[in-house]
Number of protein chains: 2
Amino acid sequence: MCLPGTIEKVSERARTEGVPLLSRRSFLTAAGAAGVTASLMPSTAVARRIRAKRSMDLTHTFTAGFPVYTGNVPTRKTLVTVEENGFYAQGWTFEEHSGTHMDAPGHFVSGGRLVPELSPNELLVPVAVIDISNKASEDPDAVVTPDDLVRYEKRHGRIPKNAGVFMYSGWEERLPDPEAFKNADANGTYHFPGFGIEAVEWLLAHRSVRAIGVDTLSLDNGESATFDVHLTWLGSDRYGIENLANLGKLRPKGTTAFVGVVPWEEGSGGPCRVIAYS
Amino acid sequence: MCLPGTIEKVSERARTEGVPLLSRRSFLTAAGAAGVTASLMPSTAVARRIRAKRSMDLTHTFTAGFPVYTGNVPTRKTLVTVEENGFYAQGWTFEEHSGTHMDAPGHFVSGGRLVPELSPNELLVPVAVIDISNKASEDPDAVVTPDDLVRYEKRHGRIPKNAGVFMYSGWEERLPDPEAFKNADANGTYHFPGFGIEAVEWLLAHRSVRAIGVDTLSLDNGESATFDVHLTWLGSDRYGIENLANLGKLRPKGTTAFVGVVPWEEGSGGPCRVIAYS
């Protein structure tokens, strides 16, 4: 049901009756003039604790044209505008594995859990950032190895229980050029970093981890034709996150990420908001 | 770019080589047999604090057919399946104001901030639940009034700084029947609860609040033809959340909600994951 009369009324009222459609700039000026100070300290103990330090957004803006593994990129269109209709809204069409997004177990596992079946507690993970940017800059097929994990622990301590173990390869620098981000060779095989199967098997055998994440298009590296990491990790009833952002700016330990995945009905995964708080 | 050969290889390998495609049931059984215990206690201080108590999901599953104000409901389709293609994924098409979703200032305000412009700190709000379910059960046009806010504060203490003030009307009981959720009369005018303009003006004048939220389709009540609450609240550079879930199960104070909105490019708002932790 559409209510064009109603919407027209709003638009008309905004135009003719001086309804206060404050721009951000005018609002901030007005707030300043009125002596309004925006305290950033919420009042509950939990919020105080989180607010006490800082936050880091690990999510890329979800854009039309964001590179997608299958090549079918998201699209958007303007449906209505403030000027014409009294309010503004867009429509979106995309595959679930677009933008910064989750891979749920059911993405590769028949009968595996789908997005709405993951619990809120699973979406809160202490973060360990595994930096392989040095080797990735020399070898686009580089993978996280058990040695990388052991090296991390020697320097930063044991990977926390229920952690999200996130690979930082520096690959997001290529995101402005989708072809460079996918980095396909003449045969159409991609070349970008990912987790190696040995690292995943090491984590499953030796640590209690909730999620792995990468700053590239796939949990497996781009050249993988067998998707061993997807099959093994999702097959263990755990989830993954692809196309993470800003991992190079995040300290390697001591933060907790909220993985705000929209609970897409029967979702194999899907776009999410990931923010690390500390 | 599509890589059908690759995907076929995965599917083939899963079928013929015994790749461990564990179902959830078999995984849990295996984990139990191996003596694996999934500790729910993350190791950082922040996570310990959050985990110490509990969480409540304030998000409805994002479904095809979820009732939308304009009537244009989300749709989904299966693109590939594990059985046929080696992995499973869906495609989605929807308006930004579908499911549990944010209204950004720019939804009603020309030049107002859009979703990617909201800061991570704005997405973390201590929650105050304003229960108007009694009057809403008798009057579908009921609104949150200043008296409701004052009554809340007498009972639960002052609304916290930077709070999310969420209206609980009990309306989500009607969600299984989209027509009952919209509750349109013979003229097509909706009838469901929302915020009253006086309550919003009271909050702006007397408290420092980040967001308002409702368990119905609109920040204004359904019969509103002028959208005063949208215009005033979003016009103050603040955001709203519509179609919140489970507010009747959440305690009225002492929780902090993470508003995990996907950063939709130039988004007027859009689907988000909202979870309250305490």
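This is a predicted model: local features need pLDDT of at least 70, side-chain atom pairs count only at pLDDT 80 or more; totals for chains, interfaces and linings use all residues.
Arg76(A) stands opposite Trp92(A) in strand 3 of chain A.

Strand 3 of chain A and strand 3 (residues 89-95) of chain B pair in the antiparallel sense, over 5 bridges. Strand 3 (residues 89-95) of chain A is mostly covered, with 5 of its 7 residues buried.

How much confidence does the predictor place in the model? The scores are ipTM 0.85 and pTM 0.85. The average pLDDT of chain A is 86, and 81% of the residues score at least 70. Over residues 1-11 of chain A, however, the pLDDT is below 50, and this stretch has 19 contacts in the model beyond near neighbours in sequence. Residues 13-52 of chain A likewise have a pLDDT under 50, and the model has 70 contacts for them beyond four places in sequence.

Chain A as a whole may now be considered. It has 9 helices and 12 strands. Of its 278 residues, 54% count as buried. Among the contacts in chain A with a separation of 6 or more, 73% are accounted for by residues 24 or more positions apart.

One of the covered elements is strand 11 of chain A. Of its 7 residues, 7 are buried, so this strand is largely enclosed by the rest of the structure. Both of its faces are covered: Thr255(A), Ala257(A), Val259(A) and Val261(A) are buried on one side, and Thr256(A), Phe258(A) and Gly260(A) are buried on the other. Strand 11 of chain A also has partner strands. Strand 5 (residues 124-131) of chain A runs antiparallel to strand 11 of chain A and is joined to it by 4 bridges. Within that pairing, Pro126(A) has Thr256(A) as its bridge partner. Strand 12 (residues 269-277) of chain A pairs with strand 11 of chain A in the antiparallel sense over 6 bridges. There, Ala257(A) stands opposite Ala276(A).

The loop between strand 10 (239-242) and strand 11 (255-261) of chain A holds Arg251(A). Is Arg251(A) buried or partly exposed? It counts as partly exposed, because it has 13 C-beta neighbours inside 10 Å, whereas a buried residue requires 20 or more. Arg251(A) and Lys135(A) are 116 residues apart along the chain, and their C-alpha atoms are separated by 19 Å.

Helix 9 (residues 228-235) of chain A is another covered element. Here 8 of the 8 residues are buried, so the helix is largely enclosed by the rest of the structure. The buried residues include Asp228(A), His230(A) and Trp233(A). Just after helix 9 of chain A, Asp237(A) takes a positive phi of about 70°.

The final topic is the packing of helices. Two packed helices are described by the angle between their axes and the distance between the axes. Helix 6 (residues 146-156) of chain A and helix 8 (residues 197-206) of chain A pack at an angle of about 50°, and their axes are 7 Å apart. That angle makes helix 6 of chain A oblique to helix 8 of chain A. Pro146(A), Asp148(A) and Leu149(A) of helix 6 of chain A make the contact with Glu198(A), Ala199(A) and Trp202(A) of helix 8 of chain A. These residues divide into 4 nonpolar, no polar and 2 charged.

In chain B, helix 6 (residues 146-156) and helix 8 (residues 197-206) pack at an angle of about 50°, with axes 7 Å apart. Helix 6 of chain B and helix 8 of chain B are therefore oblique to each other. Pro146(B), Asp148(B) and Leu149(B) in helix 6 of chain B meet Glu198(B), Ala199(B) and Trp202(B) in helix 8 of chain B.

Definitions and conventions
Residues are numbered from 1 along each chain as its sequence is written. Chains are lettered from A and ligands numbered from 1 in the order in which they are written. Axes are lines fitted to C-alpha atoms, for helices over the stretch in contact, and angles run from 0 to 180 degrees between N-to-C directions. Helices (H or I, at least four residues) and strands (E, at least two) are DSSP runs, numbered from the N terminus. Angles under 35 degrees count as roughly parallel, over 145 as roughly antiparallel, 65 to 115 as roughly perpendicular and the rest as oblique. Two residues are in contact if their C-beta atoms, placed from the backbone, lie within 7 Å. A residue is buried if 20 or more other C-beta atoms lie within 10 Å of its own, exposed if 12 or fewer, and partly exposed in between; C-beta atoms are placed from the backbone. Two strands pair if DSSP finds at least two bridges between them. pLDDT is the predictor's confidence in each residue, from 0 to 100. Ala, Val, Leu, Ile, Met, Phe, Trp, Tyr, Cys and Pro count as nonpolar, Asp, Glu, Lys and Arg as charged, and the others, Gly among them, as polar.
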